[in-house]
Each structure stands twice: as C-alpha cells, then as structure tokens.
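Me: I've got a structure open here and want to walk through it with you. Can we start with the overall build and then go to the details?

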Amino acid sequence: MDIEKIDYLARLWIMEAATKIKQSFKETLDIDTKSGRNDLVTNMDKETEAFFVKQIKEHFKEHRLFGEEGMSDEVTDLNGVVWILDPIDGTLNFVEQQRDFSISLAIYQDGIGYLAYIYDVERDELYFAEKGKGATVNGKSIPKMNKTMDLQDALLIANLSVTKKFPTVWEAVKVSRGLRLHGAASLEYMDVATGRAGAYLSANLAPWDIAAGKIIVEELGGIVTRIDGSEINMLEKGSSIVAAPKIHQTLIDNYLP
Ligand code: 2AM
Ligand code: CA
C-alpha cells in the first residue's frame with residue numbers, strides 16, 4: 001500500500017470532517033438511540049462516515065471501510081487494506097458536552113495495524129502512529145511509556161460496566177492514585193499512551209473504539225489485551241485492558257479473574 005498517499009489523504013479528510021463537526025455545534029442535531037437510551041447516533045456520525053466511504057471508494061478502489069455506522073462493506077475478515085473508523089467516538093459527550101470526543105481511524109493491512117489517527121476535535125490534538133516509527137501528538141514525539149510505573153503511582157480509568165462485571169477492579173482503584181473517565185475509549189487510550197493514566201479497563205468495546213488506540217499504545221511500549229489477558233481479535237467486540245507494562249501484569253495477576 002502507498003503509505004505516503006494514505007497518510008496525506010487521511011489527515012486531510014480528518015480535518016475536513018472535524019471542521020464540519022465543529023460547524024454542527026451551531027445547528028440542531030438529529031439524534032437517534034441505538035442499543036439503549038445512552039447509546040446515541042447523530043446525523044454527524046452518519047455524515048462523517050459517509051464522507052470517508054465516498055472518499056475511500058474514489059481514491060482507493062481496493063480498500064474496504066469497517067465503520068461503526070455500517071455504511072460500507074460488511075467486513076468479516078481483515079484481508080487486504082481495511083480502514084477501521086469510528087466517525088465520532090464519544091457520541092454522548094459530543095451531544096451533551098461538545099468536548100471529549102474524537103475521530104478515530106486506523107489502517108490495517110492483512111490484519112496488521114500500520115497507521116493510526118485519533119483526533120481530539122475540541123482540544124485540536126491529533127495523535128498519530130505509524131508502525132515501527134513511534135507516535136506523535138500534533139507532530140511532537142510522544143515519549144515511550146514508563147516500564148517501571150506501579151499501580152500505586154498511577155491514575156486508573158474504568159467505567160461502571162467493568163466494575164460491575166469485575167468488582168475486584170475497585171480494589172485496584174483503591175491501590176491506585178484515583179479514578180478518572182472521559183467516556184470516549186480512544187481518548188482513554190491516549191491518556192494511557194501519554195502516561196496521564198496507568199491503565200484503562202472496559203468490559204465491552206467495538207473494534208472501531210480501539211483499533212487506532214491499540215496501534216498508538218503498542219508503538220509506545222504499552223500492552224493491550226482482553227481482560228483475561230488474551231489477544232484481541234480486531235473483528236469482534238469485547239473487553240479491553242490497556243496499560244503500562246508493569247501495571248498490566250499487576251492487574252491481570254491480582255485484580256482480574
Ligand atoms: P461511541 O461513543 O462511539 O458509542 C464510552 O464509555 C465508550 O464506549 C465510548 O468510546 C463509546 O463509543 C463506547 N461504547 C458505548 N456504547 C457501546 C456499545 N454498546 N458497544 C461498544 N462500545 C460502546
Ligand atoms: Ca461512535
């Protein structure tokens with residue numbers, strides 16, 4: 001694949017989509033619920049995904065798009081080049097707060113993640129990684145993650161669904177420096193990537209919530225697995241734990257089933 005061309009266009013499209021999302025702050029959103037009253041989708045989620053589908057079809061005929069709103073191909077394997085997109089990660093925040101949401105995009109080839117973009121629209125921060133070349137935020141290199149950071153020296157990110165399913169997570173929270181949560185998986189991943197938090201645990205995330213975050217975190221030396229420590233299959237929904245290496249081990253060994 002032509003990484004340079006993909007990278008150039010991906011950045012262009014993300015910025016164009018973000019501009020439209022910001023303009024929508026002034027307009028009335030069209031909001032629907034999905035699996036429940038707090039699982040929302042807006043016209044901006046759909047329009048953003050439709051924009052990427054159109055652009056990718058036009059510029060990369062062979063590539064497929066695997067997106068949250070299901071506007072493109074039905075993806076049941078990761079053969080060839082697949083763009084994994086969450087047009088708005090943190091839709092509830094987008095609707096309620098107009099902050100703490102992102103456009104999350106990853107480009108995989110034959111199941112391997114090569115490029116990752118997480119654009120925190122309100123903070124105007126573009127996190128980026130290319131496999132084997134490190135990670136940046138707004139072009140500035142992000143230092144590798146701290147290999148020796150312990151649970152007691154770190155903030156922990158977890159949501160109520162994970163503490164309900166795995167109550168022992170509360171014990172880990174008590175040992176840690178405290179609990180934090182944005183409500184947008186991609187941005188929780190970036191907190192861990194940058195050392196602002198030591199770990200993030202979630203009971204149920206979709207591939208588009210974590211595809212880009214996983215590439216960025218792994219590029220910086222962090223660990224991403226299911227909560228039982230197993231590898232993540234990027235076609236399936238499931239639990240996720242992302243953490244600095246020592247904290248990942250501590251959580252798996254002492255605080256998770
Ligand atoms: P979304 O905003 O794209 O829906 C909130 O804790 C995080 O979990 C967000 O990243 C949100 O993504 C994701 N999320 C919310 N509901 C979900 C669901 N039913 N399945 C998977 N992920 C979900
Ligand atoms: Ca979404």
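Me: What radius of gyration does the protein have, and what would a compact globule have?
Reply: This is a predicted model. The protein has a radius of gyration of 17 Å. A compact globule with 257 residues would be near 18 Å, so the two agree.

Me: What box do the C-alpha atoms fill?
Reply: Roughly 50 × 40 × 35 Å, along the principal axes.

Me: How many helices and strands?
Reply: Eight helices and 14 strands.

Me: And how much of the protein is buried?
Reply: Buried residues are 54% of the 257. The accessible surface is about 11,900 Å². Carbon and sulfur atoms account for 47% of that surface.

Me: What share of the contacts joins residues at least 24 apart?
Reply: 59%, counted among contacts between residues at least 6 apart in sequence.

Me: Charges next. How far apart are the mean positions of the positive and negative ones?
Reply: They are 3 Å apart. The protein has 29 positive and 40 negative charges.

Me: On to the metal. What coordinates the calcium ion (ligand 2)?
Reply: Glu68 (OE), Asp86 (OD), Asp86 (OD) and Ile88 (O).

Me: What's the spacing of the donor residues in sequence?
Reply: The pattern is E-x17-D-x1-I.

Me: Different spot. Where does Gln109 sit?
Reply: In strand E5, residues 102–109. Gln109 is partly exposed, with a relative accessible area of 24%.

Me: What does Gln109 touch?
Reply: Met1, Leu78, Gly80, Val81 and Tyr114, leaving out residues up to four places away in sequence. Take Gly80: Gln109 and Gly80 are 29 residues apart in sequence, with 5.2 Å between their C-alpha atoms.

Me: How far is Gly36 from Arg11?
Reply: 33 Å in space, C-alpha to C-alpha, and 25 residues in sequence. Gly36 is in the loop between strand E1 (31–33) and strand E2 (40–42). Gly36 is partly exposed, at 26% relative accessibility.

Me: Now helix H6. How many of its residues are buried?
Reply: Nine of nine, so H6 (residues 185–193) is mostly covered, each residue counting as buried at under 20% relative accessible area. Among them are Glu188, Tyr189 and Asp191.

Me: What follows H6?
Reply: Gly195, with a positive phi near 85°.

Me: Which residues have a positive phi although not a glycine?
Reply: Asp110 is one of them, at about 50°. Asp124 is another, at about 55°. Most residues other than glycine have a negative phi.

Me: Where are Asp110 and Asp124?
Reply: Asp110 is in the loop between E5 and strand E6 (112–120). Asp124 is in the loop between E6 and strand E7 (125–130).

Me: How exposed is Asp110, and how exposed is Asp124?
Reply: Asp110 is exposed, at 53% relative accessible area. Asp124 counts as partly exposed, at 43%.

Note on methods: Residues are numbered from 1 along each chain as its sequence is written. Chains are lettered from A and ligands numbered from 1 in the order in which they are written. This is a predicted model: local features need pLDDT of at least 70, side-chain atom pairs count only at pLDDT 80 or more; totals for chains, interfaces and linings use all residues. Side-chain values use heavy atoms; hydrogens and water are left out. Helices (H or I, at least four residues) and strands (E, at least two) are DSSP runs, numbered from the N terminus. The radius of gyration is taken over C-alpha atoms; the globule rule is 2.2 Å times the number of residues to the power 0.38. Buried means under 20% relative accessible area, exposed over 50%, partly exposed in between (1.4 Å probe, protein chains only). Contact means heavy atoms within 4.5 Å. Accessible areas come from the Shrake-Rupley method with a 1.4 Å probe; for residues, only the protein chains shown count as cover. Lys and Arg count as positive and Asp and Glu as negative; His and the chain ends are not counted. The place of a charge is taken as NZ of Lys, CZ of Arg, CG of Asp or CD of Glu. Donors are N, O and S atoms within 2.8 Å of the metal (3.2 Å for Na, K and Ca); water is not among the atoms, so sites may look incomplete.
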